[in-house]
Amino acid sequence: MAIIVELLNNQGKPVSIHKFTQSDIRIGRSYENDVIVQDPYCCAEHAILSCNEQGHWHMRDLASVNGTINSQGQRIDFMTIAANGQEFMLGQQRLRVLLSNAAIAPTRMIAQGWHSLRVLSSLPLLLLVLLIAGLDMAYGTWIDVVGEAAEKWQRQLLVIPFFLVIPLLWPALLALFARFRGQDAHFRQQAALVYAVVAAWVFWDIIANWLGFNFSNSTLFAVLQKAIPSMLLLGLFWYGFSLAAIQRKSVQAFLTLALTSTYWLFPYIQSAGPNIQPQYEANLLPQAFLITSPSNSTDFMAASQNLYQQITLAEPAAVAPLENNASENSTTEKRVSEKSTAEGDTAEKSVVE
Amino acid sequence: MFFRRLCCSLAFGLLIFTQQTLADNAQQVFNQYQDALLEVQVVENQTQHKAAFGSGFYVAPEWVITNYHVIANRIATPDSYQLMAKMGDAGLQPLEILALDVVNDLALLKAPKYDGLVFTLAEGLPAQGAEVFSLGNPHDLGMVVVPGTYNGLKQQSFYPRLHVTGSINPGMSGGPSVNSVGQVVGVNVATGGNQLGFVVPVAQVQALLAQVPATPPAVQTLKAQIRSQLLHNQNIMLAPLLEADWQMKTLGKGQIPESIAPYMTCWGRTNTPQTQYELRTSAAFCGQQEEVFLSNQFVTGKIQMQFEWLDGSQLPLLKFNHHYRNRIQQARADNRASPRDVEGFNCRSDIVALNAHATRVVYCVRAYKEYPDLYDAIYLAATVPIDQFGFISRFSLAGVSKENADAFTRKFMETVVWQ
């Protein structure tokens with residue numbers, strides 16, 4: 001049976017692997033050796049591995065200066081190789097001895113999506129996507145400046161490369177994560193994915209702008225406005241985690257949903273505080289972008305009738321302390337008012353008709 | 001030389017003489033009525049310290065007049081505050097609310113019985129230039145009498161106010177202003193700084209005294225009164241605006257109303273661009289700026305209109321559009337209100353043809369939580385740009401009924417348009 005000697009780096013990864021069929025293997029710094037060790041703390045003839053008649057292998061120190069140390073940290077003169085993968089330290093060089101029948105790890109699959117992302121992560125397409133994102137930022141900068149700032153607006157373009165680099169944080173994070181788990185980083189593919197989503201987002205923004213101008217009160221638009229960014233984020237995270245070779249689908253699904261939910265969560269948290277200022281669609285584009293025919297003022301006012309919320313006060317509860325149950329009062333008021341709004345609607349409509 | 005000196009000494013003598021009579025009158029008035037004046041305190045229940053104070057005066061043995069805004073805390077959060085009268089050596093005595101007039105900022109309180117001389121109300125207004133004396137407790141420094149001059153009714157004011165040139169200061173709110181014989185001509189209510197004082201006319205006090213209940217009503221009843229006063233007031237304020245044919249003038253290509261009522265005052269403004277890459281704007285504002293005070297966080301009764309003409313002919317169309325759009329992003333109510341007073345705004349936004357021009361129209365309404373059928377309404381319209389020109393018109397109404405808000409909006413939409 002052949003024997004294998006691996007020279008290891010400090011992390012325990014093999015840097016060179018030697019396979020021998022002879023029965024004596026000389027190890028040391030001199031070029032006469034079978035395994036040449038470059039470590040300066042190693043002697044010219046440091047140790048010898050030899051096989052006896054019974055087929056057992058032994059490590060023998062050749063009276064070296066710094067000695068041969070076994071995995072327990074003891075200096076040895078002679079030691080039988082009892083198990084596969086036994087490690088020694090020669091000077092400061094780590095070394096591992098294996099027999100050729102040693103078990104190896106199963107073949108790893110190449111992560112899914114690698115192939116499908118090959119086109120996207122090709123350099124021309126990556127550059128094109130970067131160009132789209134960059135142009136969008138440049139346009140945003142240009143359109144925003146008026147007055148004196150407009151004369152030197154180009155200077156502001158210099159920050160764009162820095163902004164463009166920011167999305168790389170995500171693939172970098174995933175790459176780091178992959179390294180920890182001993183997986184492939186797929187940095188370029190992940191970066192291509194992120195920039196593709198950025199570019200898609202830019203396109204959607206332009207389309208949403210135009211749709212919002214034309215279909216302010218369309219339910220379909222309201223749904224799309226929420227759905228499309230959510231889909232983009234879902235796609236980004238799901239595919240990204242696929243590339244990062246997360247084994248369990250449930251973990252992948254959970255992480256994807258958790259990260260996508262931030263898109264919903266942030267506005268939701270913001271809306272927790274009382275907001276008594278108006279929120280409305282204020283989109284405006286030049287006439288040429290208008291594809292719907294405007295409604296008329298009568299229809300507008302008729303449709304506005306449901307804006308008037310009917311308030312019904314709760315019956316005052318005797319003369320008892322008003323303030324103490326003010327909070328209760330307001331909740332009952334709400335319930336009553338909601339009910340009465342519905343009634344009010346029909347009543348108001350009949351007036352309009 | 002001699003003549004001039006004579007003149008001077010004559011004038012000087014005259015000055016001393018008038019000063020002297022004024023001082024005499026002031027002393028007389030003060031001596032006569034100082035016991036019928038009191039400090040109205042709004043005492044916070046937890047700390048038993050005053051949260052606000054003002055002045056008040058007896059008009060009958062058990063009736064004290066003060067300003068609504070002095071005692072507003074008691075209406076807003078009845079459980080946290082008590083009303084107390086600080087009466088000389090007698091210490092703090094409880095007060096109770098009998099009647100309110102929020103529109104004219106008056107309150108009638110039931111006070112401990114007072115047997116001395118109470119203030120009498122004057123029959124009419126003094127002549128312009130007549131001397132008046134304002135009484136009260138400025139900055140809690142003790143009761144003072146301040147001589148002043150009556151200068152007619154406040155011009156362009158929807159709510160009637162006497163204009164008194166005299167030092168009316170915070171803390172004197174609710175105190176009386178009296179004529180030279182000591183009759184009440186009005187109730188101190190506000191100051192414009194620099195000797196500009198405003199006083200609620202006595203007629204409003206008389207109206208309040210005309211219907212006094214025997215026992216102090218519950219806070220809910222008072223709130224119902226406030227509601228009907230607000231409803232009545234907005235009807236009176238909006239009726240002339242709804243009835244009148246609005247005289248229009250142009251702002252750029254936009255049609256905007258001239259001053260459509262005496263109490264709607266207008267202002268204008270234009271920017272002078274420093275560079276060629278700028279938007280040129282001309283703006284006009286018209287409004288009834290005076291407000292009805294309901295609480296520290298809640299005022300109502302205002303009308304505001306705003307018109308803006310934008311000329312971006314130096315800018316590319318999309319750039320113009322971007323900055324034009326930015327100007328309609330933030331519509332805000334003009335009256336102060338807190339979430340405990342009003343519901344959130346409900347808005348409708350659409351592209352509407354106004355005078356055949358496609359226009360972005362936004363209309364938002366919020367309801368008053370404690371005063372049913374009263375609303376704040378905001379309207380905003382911006383013409384869809386064909387070239388680099390824009391016209392924005394907006395208004396906000398505070399404390400109006402649905403019918404009036406609707407009617408005003410319809411009228412505004414029909415008249416304030418792109419020509």
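Student: How many residues of chain A are in contact with chain B?

Tutor: Two residues are in contact if their C-beta atoms, placed from the backbone, lie within 7 Å. Here, 43 residues of chain A are in contact with 63 residues of chain B. Please note that this is a predicted model, in which local features need pLDDT of at least 70, side-chain atom pairs count only at pLDDT 80 or more, and totals for chains, interfaces and linings use all residues. Residues are numbered from 1 along each chain as its sequence is written, while chains are lettered from A and ligands numbered from 1 in the order in which they are written.

Student: Which element gives the most to the side of chain A that touches chain B?

Tutor: Helices (H or I, at least four residues) and strands (E, at least two) are DSSP runs, numbered from the N terminus. On the side of chain A that touches chain B, α8(A) gives the most, with four residues. By class, that side has 24 nonpolar, 15 polar and four charged residues; Ala, Val, Leu, Ile, Met, Phe, Trp, Tyr, Cys and Pro count as nonpolar, Asp, Glu, Lys and Arg as charged, and the others, Gly among them, as polar.

Student: How does one describe the packing of α4(B) and α6(B)?

Tutor: Two packed helices are described by the angle between their axes and the distance between the axes. Axes are lines fitted to C-alpha atoms, for helices over the stretch in contact, and angles run from 0 to 180 degrees between N-to-C directions. For α4(B) and α6(B) the angle is about 20° and the axes are 11 Å apart. The two helices are therefore roughly parallel, a term for angles under 35 degrees. In their contact, B:Q234, B:N235, B:L238, B:L241 and B:L242 of α4(B) meet B:N404, B:A407, B:F408 and B:K411 of α6(B). These comprise five nonpolar, three polar and one charged residues.

Student: Which residues of α6(B) are buried?

Tutor: A residue is buried if 20 or more other C-beta atoms lie within 10 Å of its own. In α6(B) the buried residues are B:K402, B:N404, B:A405, B:D406, B:T409, B:F412 and B:M413. They pack against several elements, including α8 (297-303) of chain A and α4 (219-243) of chain B.

Student: What angle do α6 and α7 of chain A make?

Tutor: Helix α6 (residues 219-243) and helix α7 (residues 249-270) of chain A pack at about 145°, with axes 9 Å apart. Their contact has nine nonpolar, four polar and no charged residues.

Technical notes:
A residue is buried if 20 or more other C-beta atoms lie within 10 Å of its own, exposed if 12 or fewer, and partly exposed in between; C-beta atoms are placed from the backbone. Angles under 35 degrees count as roughly parallel, over 145 as roughly antiparallel, 65 to 115 as roughly perpendicular and the rest as oblique.
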